[in-house]
Amino acid sequence: MIQLFRKERMWRTHELKRSYDVVIIGAGVHGLATAYYLGKDHGITNVAVLEKRYLGSGNSGRNTAIIRANYRTPEGVPFFARSLGLYEDLSRELEWNLLFNQCGHLTLAHTDSSVDGLRVRAETNQIMGVDSRVIYPEEIQKLVPALDMSDRPRLPVMAALYHPPGGIIRHDAVVWGYARACDRMGVEIHPHTEATAIGINGSTAYDYSDAPQGIDHPDGTITSVETTAGSIATGTVVNCAAGWATAVSRMAGVSLPIVTQPLQACVSEPLKPFLDKVIVSANLHVYISQTDRGDCVMGAEVDPLQSYSQLGTLPTLEQMATYTLELFPQLHNVNVLRQWAGICDMTPDFSPIIGGVEGLEGYHLDVGWGTYGFKAGPVAGKYLAELIATGETPTLLEPFRLSRFREEALVGEKAAAAVSH
Amino acid sequence: MSSDSGLRHSRESGNPSSANGTTDGQSAVTFYFNGNPVDAQASDTVASALYRTGRRVFSRSFKYHRPRGLLCVAGRCPNCLMNVDGTPNVRACTQPVQDGMQVTHQNAKPSLETDFLAVAERFSWAMPVGFYYKTFTHPWMWHIAEPFIRRAAGLGKIDRAPDPAADHPYEHVFLYTATAVVGGGPHGMRAALDAAAQGGGVVLIDDQPELGGHLRYSSSDTEASRTSPGSNRGSNGEESENLDDLVQRIHETSSITVFTSATCFGLYEGSLLGIMHRSPESPVAQRLTQLRTERIVVATGAHEVPLLFENNDIPGVMLSSGVMRLIGLHGVRPGERAVVVGNGEPAASTAKELENAGITVAGIVPPAQVVKAMGRKHVSGLQTREQRFACDLVVMCGDWVPDAGLVAQAGGSVEWDAERAVFATGNLPDGVSAVGAVTGESLPPAVGLALSTDSNPKKVIVCPCEDVTLHDLRTAVDEGFDHIETLKRYTTTTMGPCQGKMCQQAAIDICARQTGRTLQETGRTTSRPPTSPVPLGALAGQHLHPTKRTPMHAKHDEIGCVWMDMGEWKRPLYYGTPDSKKESVEQEYWAVRQRVGVIDLSTLGKLDVRGRDATKLLDKVYTNRFSDLRVGRARYGVICDEAGIILDDGTVSRISEDHYFITTTTGNIEFVQEWLEWWLAGSGWCVHITNVTGGMGAVNVAGPKARATLAKLTKRDLGNKRFGYMRCRQADVAGVPSLMLRIGFVGETGWELHFPSEYGEHVWDAIMDAGSEFDIRPFGVETQRVLRLEKKHVIVSVDTDATSNPIEADMAWVAKLDKEDFIGKAAISRAQNRAPREKLVGFVMDEDVLPPDGAVIIADDQPAGRVTSVRHSPVNEKVIGLAWVAAELAEAGQAIAMNADGRRVTARIVEEPFYDPAQKRLRQ
């Protein structure tokens, strides 16, 4: 309570030093979490977190703030479950209320093949200790009285995957909370400082333009990062630049199996509470939740085309409205206040890429976060920090290595990640 | 409170509003406020009618439940949000009255005058900015507090339970015009006339019920115009043009289409305007127009924002433009005794207009002199540094902020104009121009923040939507939220229903002063659509969710079937009643296995592929080879992506040397067509791909008596010699030209028939007739699934997913790795050369128990695979299925385990199909 009346700066500003032990590119939840756990778990605090714009200006401030662990693969489930566990304790740990509301999460199925998909997830989740189960119309209606369970919708709801520990969080607060904790440990956060080049073996002159596709970086060691505020000597760089991960990685000559597609969302005017569960429909390509302020947040599937545009489009807004009203027709006269877009780094298997790059000492990836990055900020940060500090890849991260694409050992999460936020 | 009975209307002659009859309507309408009847004039809005009856408190604020009265009277601020006929958050000040309308207040219990939740303000000292983040940091505290906070939040109410019967008439319209002009004030009207003179169609869009902009309520004489931005100040002839003349010229120009009561809420990529029409005509409630255009003229003008002083939000403290609207548009006298807060000309002319309306002006006070407004539920006075005025109306001559959101959305810049002290349009994108006040021209001199940075008064409301005070913003900046975007997110300023219209300018100003940066450096937050709130219903339009029906749909209904959805299609799941599934499926099953059955396959995707390079394209896209497929033959084909993942399957029939007929799965037809065209693009090959799905009906007639049945309907020799397995022939069937394919998805002798869909019912009837002597039965999707499962025939996207390749799916034979190249060849070759990770296998349950589709295979208490299809096999009298299992388990005879009926059950892997492994019956 004391801190309520103490006016203290959340994070300080610094002159950029000439060298750091670790430079993290991107001050969203992933970059800041990595910095936080480097300091907290491993005592590494000579760290700079670089951000092109303001803190959390990328996808950390654009996602729909849904946290869940009900994934499908034996690799994905424990990973996201660990993240959920870290989130559950994070407000206390950071002494900063993240407004995490574990209200429960329902993934709706409107076709029998979707119902089968939910069964696979439910059972896999249960075996791996994640609370989720398939429920049917009667129970769904009880949990969500506002949901239209009649046969009016073109595809009526047949079943749902109910995941009680899932919920929503105040996404900006997560960024601020981590940033403050980083600052208290001496980690430096540098907003409005853009990384422009990555030095390898003492040179930033590496010309990748003629390099063949694939893993085309020069063998060697990271030596520096060039920024708009000057040059930094460092042996360790972490790429946490969601949306621009490929562009940043190209600076190190590492091409990634990632395409970038916008993902749109919108928010309504505040309403008195009518919905206290997160509702997702993969068949209808929409997800909706109501925040503690009363706003309804609605999101769409990723745009069909690759783009770096962060502008909302009218057809997608219409689509979000259409499908929202399939589920909640009584919202027809509720106003949309804002629409926006984030850009998502999509991998072929809908799983992230975390870890080092063979042959390039000191370069670390925390990328390919598609539409599910925010959920995984704490777990990715904590275990990537362990990897950086110890040089050993933690078991949880092993399946998400870059080389899985060469080895064709994909972690197929499309069924549980696409449009399921 | 006063009524306006004695109000002398200020502008008799030449006044556009009275000429248009907006103020002289008689008491013609009765609506209900909280159940009590309210008499109103036809030209009234809900707010003006309520104000006339003496109502001054129109809402309670979001956080502290402070009483709020009318402020902007233009639909921009959050102060008059009410529920109208069940619609929450309606801006009462722009909502026209209608007879019988039911209006209720929001967010106050029990009434607007007495709101128990106003107690929140007593604790405002304990709720500084960031309150929620800084308290309840222990999860258990938050779990207790959160439900209370949640219940107190929100504004409008909606029905909790949906009403499935409700029909909401919304519609969408798609239009094109050469020029769109947004804003029907004098500048917009002139721009529309200019554009029309240059030729091409013009659409002029205004959010008010009539054209005219500020001229509708403010006289256009020089003095008064200074309070109203965008009006013409000079004295040359054109600018003194009368509003009526302008409106008349607009209406007389046939190439100009006028949309009034229509809000342009977004300017999207590709010069696409989103326009929302309120009640265009009965019975349409709202219409959304998507307007494509070449040129856009933004003439959206500017809006007035409140001044900052203590208690600047209490009822009776109004914007000068709001006061003028009440007087000029609605003939309502807002008060008896007013104090004008403002500088120079604008303040003087406002005072004059007030006096013309019969209101006593107690004083004109420069903003810097104001200390605070007095009063609780209504203003009773104004304290200045020098004196205290008693008054019942405080009129703020605030700064004018250009409505430049559309320009920013279009990619134009909105820049700080230091000379005029406004953020106005800067660089404009191609095709977009701006005229009038939105460019910053002819706005009255800005007041800015009259407060000095050292004073720190309480309850200076900057953001009326969210109750954010000056103190909150300053504190937040000091805490490090010194970027305008983080300041927004931390304090929630600009995030409320007014979308920042009332508060953004002040927030930028405060942020700049507190950080010592300029306003240009501080910048604005990103302008996002919609610029005005738009209802979800209008965005969604009509409830149009198409259902595709096969040509034989009515026949299935006649017989009586249980329908299932397959994509947009309706298909019979089986014939019978909802509770006859088991028996119906079994009867259908035995009909096919022992006699003859017929299934409607019209939903299959169908492509007609022709051209001299068609074979090359198919050889490239399919894993199979078609260059050696002889004319008159059909072959099963699989499509994979570059990673070797199975995308779709179907049959490819060679009709002639360069003409193929392809079937795809029901859900993938659009994808397969795009995929073929994608790989065709740039190849230089001559291939024409036509989707004939809707034009062709299809059935499969299968079973030992299929030949005998069809032989009655066609002259074509169906004998094995002339029409063997995997052959295709064109033939008349029941007099209808058809394509016959001899294939066997269900594992019996059978023909797939494709024919023009017009003849669907005729062909169906003919087959049923011909088959009657063999007791033919129609069968549905569920029966087909059992039949094909016994044959271990895979259904793509049921038995495969986004990681399945043909090798692991036990379909290695479809991938012709000796072909020169095909999509996915490299990946499939690699897959063949490495140890598989998992495999698709058949299994038989050890006992008579039916696990659900999707059951997880369990090994060592860990997931080790999943069941994709599992059914009771009548012929085997066992439960059989297909499952993905870890490669080390995928040996014939191996036991696997899964959960069913709440316990662990076991099954054995089998290699052979469960029925007719030698394929004898197919070929009979």
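**Loops, helices and the interface**

Author: B:Pro110 sits in the loop between strand 7 (102-104) and helix 3 (131-134) of chain B. Helices (H or I, at least four residues) and strands (E, at least two) are DSSP runs, numbered from the N terminus. This is a predicted model, where local features need pLDDT of at least 70, side-chain atom pairs count only at pLDDT 80 or more, and totals for chains, interfaces and linings use all residues. Residues are numbered from 1 along each chain as its sequence is written, and chains are lettered from A and ligands numbered from 1 in the order in which they are written.

Reader: Is the peptide bond joining B:Lys109 and B:Pro110 cis or trans?
Author: Cis, with omega about -5°.

Reader: And from B:Pro529 to B:Pro530, cis or trans?
Author: That bond is cis too, with omega near -10°. B:Pro530 lies in the loop between helix 14 (519-522) and strand 28 of chain B.

Reader: What about phi at B:Asp467, positive or negative?
Author: Positive, about 55°, although B:Asp467 is not a glycine. Its loop runs between strand 26 (461-463) and strand 27 (468-469) of chain B.

Reader: Change of topic. How many helices and strands are in chain A?
Author: Chain A has 11 helices and 19 strands. Chain B has 24 helices and 47 strands.

Reader: Now the interface. How many residues of chain A are in contact with chain B?
Author: 79 residues of chain A are in contact with 80 residues of chain B. Contact means that the C-beta atoms of two residues, placed from the backbone, lie within 7 Å.

Reader: Which helix of chain A gives the largest share of that side?
Author: Helix 4 of chain A, with 8 residues.

Reader: What classes of residue does that side have?
Author: The side of chain A that touches chain B has 35 nonpolar, 22 polar and 22 charged residues. Ala, Val, Leu, Ile, Met, Phe, Trp, Tyr, Cys and Pro count as nonpolar, Asp, Glu, Lys and Arg as charged, and the others, Gly among them, as polar.

Reader: How does strand 17 of chain A pair with strand 28 of chain B, parallel or antiparallel?
Author: Antiparallel, over 2 bridges, with strand 28 covering residues 534-535. Two strands pair if DSSP finds at least two bridges between them. A:Asn335 has B:Pro535 as its bridge partner.

Reader: Back to helices. At what angle do helix 2 and helix 6 of chain A pack?
Author: About 35°, with their axes 9 Å apart. Axes are lines fitted to C-alpha atoms, for helices over the stretch in contact, and angles run from 0 to 180 degrees between N-to-C directions.

Reader: Is that crossing left-handed or right-handed?
Author: Left-handed. The term applies if the near helix is turned anticlockwise from the far one by less than a right angle, and right-handed if clockwise. The contact residues of helix 2 and helix 6 of chain A divide into 12 nonpolar, 1 polar and 1 charged.

Reader: Where do helix 18 and helix 19 of chain B stand, at what angle?
Author: Their axes come within 10 Å and cross at roughly 110°. That makes helix 18 of chain B roughly perpendicular to helix 19 of chain B. Angles under 35 degrees count as roughly parallel, over 145 as roughly antiparallel, 65 to 115 as roughly perpendicular and the rest as oblique.

Reader: Which residues make that contact?
Author: B:Leu617, B:Lys620 and B:Val621 of helix 18 meet B:Trp675, B:Leu676, B:Trp679 and B:Leu680 of helix 19 of chain B.
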